[in-house]
Amino acid sequence: MCFLCDAKHSAWPGRRAFLLAAAGTAATAATTPLRAQVDVGPASQLRNLVPADEIEGAATQEYSKLLAEARAKGALAPQGHPQLQRLRAIAAKLVPQTAQWNDRARQWRWEVNLLGSKQINAFCMPGGKIAFYTGILDQLKLTDDEAAMIMGHEMAHALREHARARIAKSQGTGTLLSLGAQLLGWGQVGDLAASIGTQLLTLRFSREDETDADLVGLELAARGGYNPQAAVSLWEKMGQAGGGSSGPSFLSTHPSGPERIQQLQANVPKVQGLYQRARG
């Protein structure tokens with residue numbers, strides 16, 4: 001997956017990335033949070049085969065590299081860019097809801113950045129490293145509610161540690177046995193992080209992971225005060241965007257379809273109360 005192939009068309013000046021320090025400053029809700037309303041079960045135990053610190057460290061390095069490349073090409077949005085401000089405002093409402101799904105998220109150094117590219121794409125790496133591409137905002141003409149659904153979905157992948165589990169599985173039994181031995185003394189575990197960094201940008205999640213992220217993301221966005229009905233309109237737009245012979249890159253790792261929309265529709269009523277509560 002090429003993340004910067006359209007960057008050269010951007011006229012933005014290269015500037016430094018701006019950290020969204022929401023994790024350290026997010027206040028808990030004034031009232032006791034309601035328990036989870038969607039049913040996704042426990043996170044995969046496979047993730048425990050790869051140390052969380054290592055994969056989050058690899059993600060931070062890969063994210064920094066991506067931003068540096070975008071900055072060099074003039075494709076990194078400056079702090080005052082209205083679309084970036086819009087995304088960070090959405091994140092500021094969603095990040096305080098994340099600890100319910102992963103207690104480690106309280107310590108994550110969340111970041112949100114915007115890259116100039118025609119690609120219809122977005123992601124959230126382990127440790128809370130979020131990036132949106134201008135193509136997904138502009139070409140799909142996303143409302144704030146729809147953008148929140150995408151962000152919630154991508155955050156859910158990180159919170160449920162799907163990448164950690166998938167990478168553990170992809171290493172194969174032999175490698176995992178070797179890793180298990182290394183973990184006894186930590187040894188060369190750092191080498192694993194270096195070797196998997198690029199996988200984080202191209203990882204394809206399973207259908208089960210996608211369903212998991214859909215539902216957790218739906219709830220995250222609803223808790224943040226975003227209309228859960230937007231999840232349905234979002235994936236309808238995605239389906240229309242993918243109707244051509246070469247669909248958007250986002251759909252290569254996030255397949256759309258009637259079943260996905262039907263499942264979201266079935267779960268919207270479960271989180272409607274959370275949305276109404278957040279809206280006051």
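Here is a short walk through some of the salt bridges in this predicted model.

Let's start at Asp 53. This residue pairs with Arg 104 in a salt bridge whose closest N and O atoms are 3.0 Å apart. Asp 53 belongs to helix H2, which covers residues 52–72, while Arg 104 sits in the loop between helix H3 (82–94) and strand E1 (111–115), so this contact ties together parts that are 51 residues apart in sequence.

Now stay with Arg 104 and look for its other partner here, Glu 56: their side chains meet in a salt bridge with an N to O distance of 2.6 Å. Glu 56 also lies in helix H2 and Arg 104 in the loop between H3 and E1, so the pair joins parts that are 48 residues apart in sequence. Taken together, Asp 53, Glu 56 and Arg 104 form a linked network of salt bridges.

How buried or exposed is each member of this trio? Asp 53 has 56% relative accessibility, so it counts as exposed. Arg 104 is partly exposed, at a relative accessible area of 29%. Glu 56, with 11% relative accessibility, counts as buried.

For the last stop, turn to Lys 129 and Glu 111, which form a salt bridge with their closest N and O atoms 3.0 Å apart. Lys 129 is found in strand E3 (residues 129–133) and Glu 111 in strand E1, so this pair ties together parts that are 18 residues apart in sequence. Both Lys 129 and Glu 111 are buried.

Terms used. Residues are numbered from 1 along each chain as its sequence is written. This is a predicted model: local features need pLDDT of at least 70, side-chain atom pairs count only at pLDDT 80 or more; totals for chains, interfaces and linings use all residues. Side-chain values use heavy atoms; hydrogens and water are left out. A salt bridge is a side-chain nitrogen of Lys or Arg within 4 Å of a carboxyl oxygen of Asp or Glu. Helices (H or I, at least four residues) and strands (E, at least two) are DSSP runs, numbered from the N terminus. Buried means under 20% relative accessible area, exposed over 50%, partly exposed in between (1.4 Å probe, protein chains only).
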